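Here are a few notes on the packing in this one, for when you have the model open.

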Amino acid sequence: PRLLVRAVESAQTQTHPPLEIIIIFEKQEDIPDDWVSCPPDSVRMYKNTGSGVSAARNTGIKKVRSQYLAFLDDDDVWLPTKIERHLEKMDNTDAQPIATYSGVQQRDNNNQLNALKTPEVTYRNMLTGNHIGTFSTLLVRRSAINEVGMLDESLSCWEDWDYYLRLLKQGRVQAVSEPLVLRYSG
């Protein structure tokens with residue numbers, strides 16, 4: 001629950017605030033006690049209708065009404081300009097990308113920087129590995145999801161890599177080269 005509060009606060013304090021924040025949870029114990037009866041403003045919560053991270057993301061996709069969807073894992077944090085920078089890239093380029101992704105600052109539990117990724121990827125180099133990383137970097141058009149489909153719930157890992165490849169095969173996916181996501185790991 002402590003990580004979830006931190007993640008939601010990072011979404012709520014964006015310079016371009018999200019229109020809706022949807023939390024998909026596995027167990028009620030994952031939700032702060034005071035949120036169970038009274039969630040924060042602009043937050044809607046749903047229990048995962050399947051099993052695993054792909055099912056949780058698919059449940060969220062079905063609930064969102066916005067033209068754009070961004071994802072945030074509870075152990076990650078968005079920097080304040082993340083949504084603003086992504087929308088600038090989506091709306092102010094001739095290329096009209098179907099999705100954007102940002103760089104990542106990988107931090108340890110003591111908040112020490114241990115990696116910085118600001119990748120520029122192509123379909124070809126993504127075949128060698130997931131160079132984008134966490135799904136928390138992604139912003140995608142709803143129309144692209146309608147074309148590409150939902151995440152593959154049969155995959156127990158690398159579901160994000162699979163989805164990135166499917167997006168890259170469908171259309172232009174552009175980098176927002178700034179590291180706008182903080183990812184924490186031990």
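**Notes on cores and rings**

1. Starting with Trp-161: its relative accessibility is 21%, so it counts as partly exposed, given that buried means under 20%. Keep in mind that this is a predicted model.

2. Trp-161 also has a ring partner. Its ring centre and that of Trp-158 are 5.5 Å apart with the planes at 75°, so I'd call the pair edge-to-face.

3. How many aromatic pairs are there by the rule used here? The count is four. One of them is stacked: Phe-135 and Tyr-164, because the centres are 5.7 Å apart and the planes sit at 20°. This pair links distant parts of the chain, with Phe-135 in the loop between α5 (123-126) and β7 and Tyr-164 in helix α7, 29 residues apart. Both Phe-135 and Tyr-164 are buried.

4. Phe-135 and Tyr-164 also belong to one aromatic cluster along with Phe-71 and Tyr-163.

5. Now the largest nonpolar core, with 25 residues: Leu-138, Val-140 and Leu-167 touch the most other members. Two or more residues come from each of β5 (99-107), β7 (138-141), α6 (142-148), α7 (159-170) and β8 (173-184). Helix α7 gives the most, five residues.

6. Val-140 is worth a click. Leaving out residues up to four places away in sequence, its contacts include Tyr-68, Phe-71, Met-90, Ile-145 and Leu-167. A second, separate core has 17 residues, among them Ile-31, Trp-78, Leu-139 and Val-181.

7. Last one: Arg-6 lies over the face of Tyr-184, 4.2 Å from the ring centre.

Definitions and conventions:
Residues numbered from 1 in each chain as written. Predicted model: local features only at pLDDT ≥ 70, side-chain atom pairs only at ≥ 80, totals over all residues. Heavy atoms only, no water. Core = buried A, V, L, I, M, F, W, Y, C linked by side-chain atoms within 4.5 Å. Buried < 20%, exposed > 50% of the residue type's maximum accessible area, 1.4 Å probe, protein only. Helix = DSSP H or I, 4+ residues; strand = E, 2+ residues; numbered from the N terminus. Contact = heavy atoms within 4.5 Å. Phe/Tyr/Trp six-rings, centres within 6.5 Å; stacked < 30°, edge-to-face > 60°. Lys NZ or Arg CZ within 6 Å of the ring centre and 35° of its normal.
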